[in-house]
Amino acid sequence: MPKIRTRLLAVLVVLCGSLTVAGLPPATASTAPAPAVPDSLWFDGAPLTVRNGRFTDGQGREIVLRGYNVSGETKLAENGGLPFASAADARASATALRALGGGNAVRFLLSWAHAEPVRGQVDTAYLTAATEQMRAFLDAGIRVLPDFHQDLYSRYLFDTGSWYTGDGAPEWAADAGGYPKENCGICLFWGQNITQNAAVQQAQSDFWHNAHGLQDAFLATAGTTLAHLRQHLSAEEFAGIAGFDPYNEPYAGRYDSGQTSRTWERDLLWPFYAEFRARMDAAGWQDKPAFVEPNLFWNANISAQRQEGGLLDAGTLGPGYVFNTHFYDQKAISGILMWGKATDGRYASDFAAVRDRAFAAGTAALVGEFGHPLSGTVSDKAPTVLKAMYQALDSRLPGAGWWTNPASSGPVLSGTQWQWDLYSGRHRELMNGNPGKVRTAGDAWNDEDLSAVRLDDSGNAVLRQDARLLDRVYPSATAGTALAFTYEDRSRDGSATLTWNPVPASLPNVAKLVGTGRYGVLVWRSGDGTAPTELHLPASFSAPATTVVSDLGTVHAPPPYTAATPVGAAPEAGGTGARRLLLTDADSGALHYALVTDGAAAPAAELLSASRAELAAWAAARF
């Protein structure tokens with residue numbers, strides 16, 4: 001988190017961009033075999049693996065995960081440490097996330113406090129409810145990454161009258177240490193408790209040193225959780241589990257004498273991950289990676305906060321682990337250290353560091369959290385900050401330099417935005433159990449407000465951010481290796497349209513074709529599989545408004561996909577109404593390109609042909 005403050009049986013995608021949530025029938029658990037995911041094609045549903053430093057599926061395609069954290073509701077007590085009040089709400093949320101938010105993955109938060117409320121006694125009812133809510137996303141064709149979440153170690157460290165709260169460890173774990181009365185001193189942001197609150201510092205330190213057997217207890221509960229999920233999800237459902245995130249935003253609490261952030265990672269954090277990995281293997285998760293996070297301050301963009309880290313001494317992580325990190329612009333959040341708005345390429349170097357660290361570690365990367373406050377004094381920066389973050393996920397290059405040097409674009413990063421909370425602004429959380437401090441606004445946790453979604457007064461899920469920013473073209477599966485990708489979303493900052501990657505004048509016909517519309521460009525080298533390349537199509541990219549220019553074919557209003565159709569469109573798996581573009585090649589090791597745009601209403605054949613010639617010459621020259 002920044003240091004401040006579902007599957008539906010039938011779907012109606014309303015033109016105004018909302019999905020009805022209210023009135024869904026209650027779900028009941030079932031032991032019957034899971035039905036096939038609606039709209040699945042023969043290549044859908046393969047497990048996620050890591051190969052050659054990138055995510056791949058069973059067809060050898062390179063996979064990109066995009067989605068959201070589900071959700072900060074898990075931090076609260078109002079729904080018993082679950083993201084949703086019911087499985088029906090989970091299904092409604094999953095449908096909205098796919099159809100409105102364009103996501104194909106979620107980081108699904110779990111609570112140790114609710115999984116093990118009594119020491120040594122795992123609450124199987126909690127695990128069963130969590131499993132059923134995960135199933136809602138799996139049924140919608142969305143990959144799920146479970147995450148044992150914590151912030152400030154535990155809410156039970158905080159007094160009922162405290163200005164702040166935490167989440168994570170159970171009450172018995174907080175009681176075990178006899179920690180001092182919590183006090184942050186002069187703190188402007190909740191995250192300052194991490195390094196200034198003695199109770200939080202000592203509790204974190206105790207966990208990493210296994211004082212009072214705390215880490216042993218956590219690992220035992222994690223093992224039971226892993227086994228429960230493996231046993232209660234069908235093989236088809238379990239294939240949609242991406243892996244497991246063992247611990248959110250780890251930090252030492254305080255360093256031992258002579259210890260540094262780097263040696264803490266080496267001597268305490270990494271052995272914990274190795275033990276968690278062993279628990280995964282023992283529970284039947286041998287083929288799924290652990291999404292491991294470094295010291296949370298390793299990539300802070302305020303130099304005074306940054307600490308050496310990034311799992312530098314863990315060696316080659318390989319396919320058993322994923323380098324999983326977070327990024328928030330603390331300068332922008334501070335309200336002091338960044339004046340004005342984010343601009344083209346602001347986070348290029350920050351996200352390049354993530355790519356480089358994952359490459360050096362021999363594994364894939366996930367930016368498991370990123371975002372910006374949507375209310376408060378710095379919320380005016382959110383449209384540009386989020387645009388710049390998505391731009392940096394797509395490519396390591398600023399838009400101004402992409403067309404001239406696309407071969408340096410780097411791999412497309414996976415990421416899950418914080419957050420997707422269906423109950424945004426509608427909470428009723430007794431902060432630290434205090435009936436005199438009922439929190440309803442925003443995320444209802446430490447004054448945060450980052451949810452991309454909310455319910456309107458009719459019970460419809462609606463986006464709180466520009467749909468053009470969130471529901472994006474991205475290469476969800478590349479049949480081979482993605483060499484370069486960019487997407488100009490033309491998202492808005494108020495009434496202003498933000499264009500950071502215009503088509504250059506050297507490609508006049510492409511520029512004319514795109515006009516003022518949105519466009520994405522993917523360049524890839526084909527592999528030896530037979531499954532197609534996939535690009536997610538935003539809901540607003542209606543079939544009559546979509547144009548594709550590729551070496552595989554040039555078409556306006558792509559026809560329905562068939563194996564014999566080089567360029568076609570199809571629903572995304574899950575029955576949510578989301579759509580995808582499918583590009584089929586019949587070679588191996590060949591260079592391919594594709595531009596998809598909604599900028600041309602009825603382009604002339606001559607314009608399409610000229611645009612194809614320009615792109616072909618550009619691709620040949622640049623690659």
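Me: How many residues does helix H1 have, and how far does it reach from its first C-alpha to its last?
Reply: Helix H1 (residues 87-99) has 13 residues and reaches 18 Å, close to the 18 Å expected at 1.5 Å a residue. The expected span is 1.5 Å times one less than the number of residues. Helices here are DSSP runs of H or I with at least four residues, and strands are runs of E with at least two, numbered from the N terminus. This is a predicted model, where local features need pLDDT of at least 70, side-chain atom pairs count only at pLDDT 80 or more, and totals for chains, interfaces and linings use all residues. Residues are numbered from 1 along each chain as its sequence is written, and side-chain values use heavy atoms, with hydrogens and water left out.

Me: Is H1 mostly covered or mostly open?
Reply: Mostly covered: 13 of its 13 residues are buried. Buried means under 20% relative accessible area, exposed means over 50%, and partly exposed is in between (1.4 Å probe, protein chains only).

Me: Switching to the sheet. What is the strand order?
Reply: The order is S7-S6-S5-S11-S10-S9-S8, seven strands in an open sheet with parallel pairing. Two strands pair if DSSP finds at least two bridges between them.

Me: Which strands are at the edges?
Reply: Strand S7 (143-148) and strand S8 (290-292), each pairing on one side only. From one strand to the next, the twist averages 30°.

Me: How many bridges join S8 to S9?
Reply: Three, and S8 runs parallel to strand S9 (residues 321-327). Ala-290 stands opposite Tyr-321 in S9.

Me: Which helix lies across S9?
Reply: Helix H11 (residues 348-361), which lies across both S9 and strand S10 (365-370) and runs at about 165° to S9. Axes are lines fitted to C-alpha atoms, for helices over the stretch in contact, and angles run from 0 to 180 degrees between N-to-C directions.

Me: How do H11 and H12 cross?
Reply: The axes of H11 and helix H12 (residues 382-394) come within 9 Å and cross at roughly 40°. Contact, meaning heavy atoms within 4.5 Å, is made by Ala-348, Phe-351 and Arg-355 of H11 with Met-389, Ala-392, Leu-393 and Asp-394 of H12.

Me: Last one: where is Ala-174, and is it buried or exposed?
Reply: Ala-174 is in helix H4 (residues 171-176) and is buried, with a relative accessible area of 6%. Not counting residues up to four places away in sequence, Ala-174 touches Ser-154, Tyr-156, Leu-157 and Tyr-179.
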